[in-house]
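Subject: Structure handover

Hello,

Here is the structure I promised you. Please open it and keep it in view while you read the notes below.

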Amino acid sequence: RPYLNDLKKVLQVHVPADVQLEVGEIKDCGRKLFAPELGGRYSVFEDRPMLPAIAAYCCVDVKYFELLEHRLYTPLSAPFKAWVLRQSAARVNTCRDVKHAPNGRGKCTAPKGP
C-alpha cells in the first residue's frame, strides 16, 4: 500500500507557490518549539498566553483545508467520497481510544481503497 503524506507535504504540493516558503518556515519554527528531538516540549501547546509562533503553526494547519477539499475531495465520485468519509470516521474513532498509539509503521500507510 502507498504511504500517506503528512500535512506539511500536502500543503507544499497544493498551496499557491507564493506562500509555500512561508508555510514551510512557519511549520519549521513551530516544530522547534514542540518537538523534543529539536529541543522543544509538547507542553508548549498548553502555555498561556500561547506563543505567537505556536498559534501560527496551528493556523497554517487549518488555513488551507478548504483549498485542499476543493482540490482533493470535490473531484471524487460519490462512492469514493462515501468511502473517504467512512475511513475518516473510523480513524477518528480509533484516535479516541485511550489505548491509541499515534505513531508506528501501521499509521503511515493508506487504507486499502474501495
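Helices here are DSSP runs of H or I with at least four residues, numbered from the N terminus. On that basis, Met50 falls in the loop between helix 2 and helix 3. One caution before the rest: this is a predicted model.

Start with Met50. Its relative accessible area is 30%, so Met50 is partly exposed. Met50 and Thr74 are 24 residues apart along the chain, and their C-alpha atoms are separated by 34 Å.

Pro49 sits in the loop between helix 2 and helix 3 as well. Look at the bond leading into it. The peptide bond from Arg48 to Pro49 is cis, with omega near -5 degrees. Most peptide bonds are trans. Please check that one in your viewer.

**Helix 1 against helix 2**

Helix 1 covers residues 7-14 and helix 2 covers residues 17-34. Their axes come within 9 Å and cross at roughly 165 degrees. Angles over 145 degrees count as roughly antiparallel, so helix 1 is roughly antiparallel to helix 2. The crossing is right-handed.

Which residues of helix 1 and helix 2 meet? Helix 1 brings Lys8, Leu11, Gln12 and Val13. Helix 2 brings Gln20, Val23, Lys27 and Asp28. By class, this contact of helix 1 with helix 2 has three nonpolar, two polar and three charged residues.

His14 is also in helix 1. With a relative accessible area of 18%, His14 is buried, because the cut-off for buried is under 20%. Setting aside residues up to four places away in sequence, His14 touches Leu67, Leu68, Arg71 and Leu72.

**Helix 2 against helix 3**

Helix 3 spans residues 52-63. Helix 2 and helix 3 pack at an angle of about 125 degrees, with their axes 8 Å apart. The two helices are therefore oblique to each other. Their crossing is left-handed.

From helix 2, the residues in this contact are Val23, Ile26, Lys27, Cys29, Gly30, Arg31, Leu33 and Phe34. From helix 3, they are Ala53, Ile54, Ala56, Tyr57, Val60 and Asp61. By class, the contact of helix 2 with helix 3 has 10 nonpolar, one polar and three charged residues.

**Lys27**

Lys27 lies in helix 2. Is Lys27 buried or exposed? Lys27 is buried, with a relative accessible area of 5%. Beyond its neighbours within four places in sequence, Lys27 is in contact with Lys8, Tyr57, Val60 and Asp61.

**Aromatic pairs**

How many aromatic pairs does a search of the whole structure find? The search finds four. Two of the pairs are described here.

Phe34 and Phe45 form a tilted pair, 5.2 Å centre to centre and with 50 degrees between the planes. This pair links distant parts of the chain. Phe34 is in helix 2, Phe45 is in the loop between helix 2 and helix 3, and the two are 11 residues apart. Phe34 is buried, at 12% relative accessible area. Phe45 is partly exposed, at 28%.

Phe80 and Trp83 also form a tilted pair. Here the ring centres are 5.3 Å apart and the planes are at 45 degrees. Both residues belong to helix 5, residues 78-96. Phe80 and Trp83 are three residues apart, so about one helical turn separates them. Phe80 counts as partly exposed, at 32% relative accessibility. Trp83 counts as buried, at 13%.

Ring pairs also build a cluster. Its members are Phe34, Tyr42, Phe45 and Tyr57.

Over to you.

Best wishes

Definitions and conventions: Residues numbered from 1 in each chain as written. Predicted model: local features only at pLDDT ≥ 70, side-chain atom pairs only at ≥ 80, totals over all residues. Heavy atoms only, no water. Axes fitted to C-alpha atoms, helices over the stretch in contact; angles between N-to-C directions. Parallel < 35°, antiparallel > 145°, perpendicular 65-115°, else oblique. Left-handed = near helix turned anticlockwise from the far one by under 90°. Contact = heavy atoms within 4.5 Å. Nonpolar A, V, L, I, M, F, W, Y, C, P; charged D, E, K, R; others polar. Phe/Tyr/Trp six-rings, centres within 6.5 Å; stacked < 30°, edge-to-face > 60°. Buried < 20%, exposed > 50% of the residue type's maximum accessible area, 1.4 Å probe, protein only.
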